[in-house]
Amino acid sequence: MNVLIYVFLGIGAIFNGLGAVALLRFPDVYTRIHGATKCTTFGSIFSILAVAVYGAARGGGDGVGMVIRALLALVFLLLTNPTGSHALARAAHRAGIKPFRAVVDRLEEHR
Amino acid sequence: MRRVAEIAATFALAFLVYLLLTLPSGTFGLWSAEELLAGAVIALLAALASHRLLWEQGGWRLLNPWRWVVFLVYLVGPFFLAMAKANLDVAYRVITGRINPGIVRFNPGLKTDAGRTLLANSITLTPGTLTLEVDEETGDFYVHWINVRNVDPAPEEVCGPFPRWAKVVAE
């Protein structure tokens with residue numbers, strides 16, 4: 001059980017770190033959203049799974065509560081993260097920010 | 001009558017979530033009396049505020065338990081697999097800086113708000129693709145793609161099996 005928790009935490013930490021690197025490396029707002037929110041989501045999913053496994057290993061009323069709350073946090077993360085990313089990107093495009101080095105921009109043609 | 005049913009259903013869902021969040025809190029059954037009271041008040045406020053939005057355009061369909069089963073299968077199966085693959089792909093692009101971005105358009109042929117929302121959120125959660133806009137009349141999706149392989153892609157090229165699953169789960 002402990003090994004599983006460490007593996008999940010490790011994957012979470014690596015992907016959160018990559019998200020931070022992506023934020024610095026990528027050239028414009030859209031690609032940065034790809035890097036940041038997505039690596040962060042995957043990192044957070046595994047961090048939360050680590051909490052759930054810890055709760056399951058602990059057992060009893062507290063442990064079960066921990067598992068349920070962790071899974072609920074996961075559900076809300078999966079609902080709110082894409083909504084927020086989408087809102088940011090759409091607002092950026094409406095404000096006239098051109099995607100960097102884009103090979104095609106159908107949304108601009110559409111307007 | 002319809003409105004009362006809408007409020008009641010929203011209240012039940014919100015109250016259920018609150019109960020799950022506060023699960024082992026006390027002596028009154030599994031919950032303490034304070035939590036039950038606070039949960040009921042908060043769930044009622046949430047229901048009054050949001051019931052109009054939730055059940056518009058046939059939201060009742062989503063209460064069908066079979067759809068929930070299919071949704072869970074989708075979540076842990078094809079969706080998680082696609083997300084893991086895409087995460088590794090974007091991790092590679094973060095390290096090497098090899099990107100070929102663009103905004104592409106495709107039409108997955110989804111009719112309902114629920115189906116479009118599910119597909120748009122799935123696309124955005126998958127690294128490398130990001131839904132920018134959905135045309136409400138035609139159902140066209142505008143997606144920012146970090147590695148454009150085809151300027152006029154079919155839905156399957158951008159998001160794999162997601163449209164088919166969205167249709168089964170939500171339409």
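What we have here is a predicted model, so local features need pLDDT of at least 70 and side-chain atom pairs count only at pLDDT 80 or more, while totals for chains, interfaces and linings use all residues. Residues are numbered from 1 along each chain as its sequence is written, and chains are lettered from A, ligands numbered from 1, in the order in which they are written.

Okay, the sheet in chain B. It's an open one with three strands, in the order β1-β3-β2, and the pairing is antiparallel. Strands here are DSSP runs of E, at least two residues, and helices are runs of H or I, at least four, numbered from the N terminus. Two strands pair if DSSP finds at least two bridges between them. β1 and β2 of chain B sit at the edges with a single partner strand each, so one side of each has no neighbour in the sheet. From one strand to the next, the twist averages 30 degrees.

Now go strand by strand. Five bridges tie β1(B) to β3(B): V104(B) has V143(B) as its bridge partner, I103(B) has H144(B), and F106(B) is opposite F141(B). On the β2(B) side there are five bridges to β3(B) as well, with V134(B) standing opposite F141(B).

By buried I mean 20 or more other C-beta atoms within 10 Å of the residue's own, with C-beta atoms placed from the backbone. G102(B), V104(B) and F106(B) are on one side, I103(B) and R105(B) on the other. In β3(B), five of five are buried too: F141(B), V143(B) and W145(B) on one face, Y142(B) and H144(B) on the other.

Last bit, the neighbour. 32 residues of chain B are in contact with 39 of chain A, contact being C-beta atoms, placed from the backbone, within 7 Å. Among the elements of chain B giving two or more residues to that side are β1, β2 and β3, but α3(B) gives the most, with five. From chain A, helix α3 (residues 60-94) packs on our sheet, touching β2 and β3 of chain B. Its direction makes about 65 degrees with that of β2(B), where axes are lines fitted to C-alpha atoms, for helices over the stretch in contact, and angles run from 0 to 180 degrees between N-to-C directions.

Notes: Contact = placed C-beta atoms within 7 Å. Buried ≥ 20, exposed ≤ 12 C-beta atoms within 10 Å, placed from the backbone.
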